[in-house]
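Let's take a guided walk through a model with two chains, going from the place where they meet to the parts packed around it. Please keep the viewer open beside the text.

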Amino acid sequence: MGTIIEASATATAHSRPFAPGARKLADAAARLCLERADRTVDELDLLINAGVYHDKLLQEPALASLIQEDIGANPDPDRPLGAGHGTFSFDISNGACGLLTGIHLVDGMLASGTVELGIVVASDIDPEPGVSEGFGFPSVGGAVLLSADDSRAGFTAFQFATFPEYAELFGSYVDWHQDARRGLTHHGRNILTVEIAESYAAQALECAESTARELAGAQALDLGQVDLVVANASVPGFADGLARRLGVSAERVASPADGLATAHTAAPAVALESVQLASSRTVLFVSAGAGITVAAALYRA
Amino acid sequence: MALEGGADGSADGGSYTSRFAAVGALVPERRVSSDELMGSTKHRTHIELERLTGIHERHVVGEGEDSYTLALGAARDALAHWDGAAEDLDVLIVTSISRHVGGLRLQLEPTLSVSLKEALGARRAMSFDLTNACAGMLTGVFILNDLIRQGRIRRGMVVSGEYISQLGINAARQVRTVMSKQLASLTLGDAGAAAILERAPEGAPGIEVTGFTTLSEHSRLCLAFPAKIGRGESMYTDARAIHKISIEALPPLLREALDQAGLEFDEIDYLIPHQTSARAIKKGLKDVSASLGVAPKHVVVTVDEFGNTASTTHFVALRKYLSDGRFAKDDRVLLLALASGIEVGVVIFKVDQLVGRYGHDH
């Protein structure tokens, strides 16, 4: 029995200030994903949100619970609480590796039979355009719908690695900036800052390559058999660069649409929009992000 | 609910039983009484916080302490009471709501799990952060329990450090009356907590059931985000509505989890609820017990001493009771999460070998 991708979807916002926030982007991607899979929202047992940059940088509750409410995933007023139904939702954070991390968690709960249908959503927006410093990710949301299938292999292996010696290359934080003009203690604002060093892109490639090769080695996979690479690290050119390093030809790389090359947590879903997953036999997913953290997965479509 | 476990401790797809191998906590030395906090409010509120909540004091961070240091200290405390070592951990989950590193700077990336993994020497562990309001640690337990029961991993740690006392300081500048939506912020205290889960030896007791669900139609009753008036965060809570909804929802959900484990409510020796207010806990559990017809033998209240320490409350209480020698080996404990979302979570387990790890063997 394998965990398979039933559908994936994205939602984008092209203009501010009237464009939707991170929550609504996740809502839209989740709804489209369910529609593409011909599933109803009440079938969802599990909803994991892996986005990092939310509207207002909400810290409580989990954004996933708001998304669950928005899309109307349970309760069913005709069925009382405690009758074996419901949806469980929570947030995870693993930077650009968040979507693959969420898929790994859903894979575990599908295998145990704890859930039958799970969705991982991710979206990012600049919470305060013009105020935030260094934020360069496009506003986009993504969703991946997962279930177990007795007849297909689906996700067969995951590999995770961290390289803390490069932690300084990618950082983001919210800190108080005093407004010097006021001269009073409490005048100022909390501001988001994102800092990505120039050397991050090259280092992410190196870390991603080593993790991907480790996965391939553990699975006795000849990288020449890979017919689709879905890779992201929040910087342009990463997927092509990784494919070159791994010896996979450029036409086997899932390329994001124009303007979305630096998509952050939703990037794997963005890349899947450009390909027919069902026509690929062996798919290599690789995400790299702050930490440097790398997540890799093998999917047999 | 999403449920794991069953009457024989290993039903529904699980090949193994998981158990709590050790728990740890780090509570800061510095204390602030409710009287001191209410004495610092900007407006004359006439709120008798200690009488309302039963909270006498809470511990708050001192110089050099933050979410990260509290989590690290708690993780080390758990490791010190375990037979294994950090390098044996397969998974590390950090569940802090507050991710303050270096004072009140909120760190988004990299995750706290990257630096904790490095500091602990958990080289092999797959690591990530998870947030689920005050249900975060129990959500991490739910995930680890699932992975251990399947045999996918053997050992994992869930850890949290909460530096949230600044919310109380921010609230003290704005609260005017007992109806303020920032009243709950005045109940908060700082703490770190950690739990190590492992595969139990064959036949040994452990976690009997875990269950979770999200009543998301009430997701907007408690919202926290970076403050507009100063460093840290502000939180706005309709505590009365959350309490009312939770107490109405609990009986059928508890019944579902208890049925899955083949248990009755009065077979629970110690119930450790999320610690919000002593009065709310006592009133709520009285109503729930009346609805179920029976009551657990003991209800644990530590909020008087620590305040509401967010995602860490269950394990701060568990660690205290272990240190105090309050449990017997055969005792059965129910951890109950009620958190913004609204998240309802249940973990039922036998204390067993934990008893002997904290200087008491009964």
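Start where the two chains touch: 54 residues of chain A are in contact with 60 residues of chain B, where contact means that the C-beta atoms of two residues, placed from the backbone, lie within 7 Å. This is a predicted model, in which local features need pLDDT of at least 70 and side-chain atom pairs count only at pLDDT 80 or more, while totals for chains, interfaces and linings use all residues. Residues are numbered from 1 along each chain as its sequence is written, and chains are lettered from A and ligands numbered from 1 in the order in which they are written.

Several elements of chain A supply at least two residues each to the side that touches chain B, including helix H2 (63-71), strand S3 (88-93) and strand S8 (188-196). Helices (H or I, at least four residues) and strands (E, at least two) are DSSP runs, numbered from the N terminus. S7(A) gives the most to this side, with seven residues. By class, the side of chain A that touches chain B has 25 nonpolar, 22 polar and seven charged residues; here Ala, Val, Leu, Ile, Met, Phe, Trp, Tyr, Cys and Pro count as nonpolar, Asp, Glu, Lys and Arg as charged, and the others, Gly among them, as polar.

Strand pairing also links the chains. Two strands pair if DSSP finds at least two bridges between them. S7(A) runs antiparallel to strand S6 (residues 106-109) of chain B, and three bridges join them; Val174(A) has Leu106(B) as its bridge partner there. Another antiparallel pair, again with three bridges, is formed by S3(A) and S7(B), with Ile92(A) partnered by Leu130(B).

How many residues of strand S7 (residues 126-131) of chain B are buried? Six of the six are, so the strand is largely enclosed by the rest of the structure. A residue is buried if 20 or more other C-beta atoms lie within 10 Å of its own, exposed if 12 or fewer, and partly exposed in between, with C-beta atoms placed from the backbone. Met126(B), Phe128(B) and Leu130(B) cover one side of S7(B), and Ser127(B), Asp129(B) and Thr131(B) are buried on the other. Within chain B, S7(B) also pairs in the parallel sense with strand S5 (residues 91-94), over four bridges, and Val94(B) stands opposite Asp129(B).

Helix H3 (residues 98-112) of chain A packs against H5(B) at an angle of about 55°, with the axes 10 Å apart; axes are lines fitted to C-alpha atoms, for helices over the stretch in contact, and angles run from 0 to 180 degrees between N-to-C directions. H3(A) and H5(B) are therefore oblique to each other, as angles under 35 degrees count as roughly parallel, over 145 as roughly antiparallel, 65 to 115 as roughly perpendicular and the rest as oblique. Among the residues of H3(A) that meet H5(B) are Leu105(A) and Met109(A), and those of H5(B) include Ile143(B) and Leu147(B). The residues of this contact divide into five nonpolar, three polar and two charged.

Now follow chain B to its open sheet of six strands, ordered S1-S10-S16-S15-S13-S14 with mixed pairing. Strand S1 (2-5) and strand S14 (298-299) are the edge strands, each pairing on one side only. S15(B) is joined by eight bridges to the antiparallel strand S16 (residues 343-350), and Leu334(B) stands opposite Ile348(B). H5(B) packs on this sheet, touching S1, strand S10 (207-214), S15 and S16 of chain B.

Helix H10 (residues 313-323) of chain B is mostly covered, with nine of its 11 residues buried. Phe315(B), Val316(B) and Leu318(B) are among the buried ones, and what covers them includes H5 (136-150) and strand S15 (332-339) of chain B. After H10(B) comes Gly325(B), whose phi is positive, near 70°.

Finally, return to chain A, where strand S9 (residues 228-232) has five of its five residues buried. S9(A) runs parallel to strand S10 (residues 282-289) of chain A, joined by five bridges, and Asn232(A) stands opposite Ser287(A).
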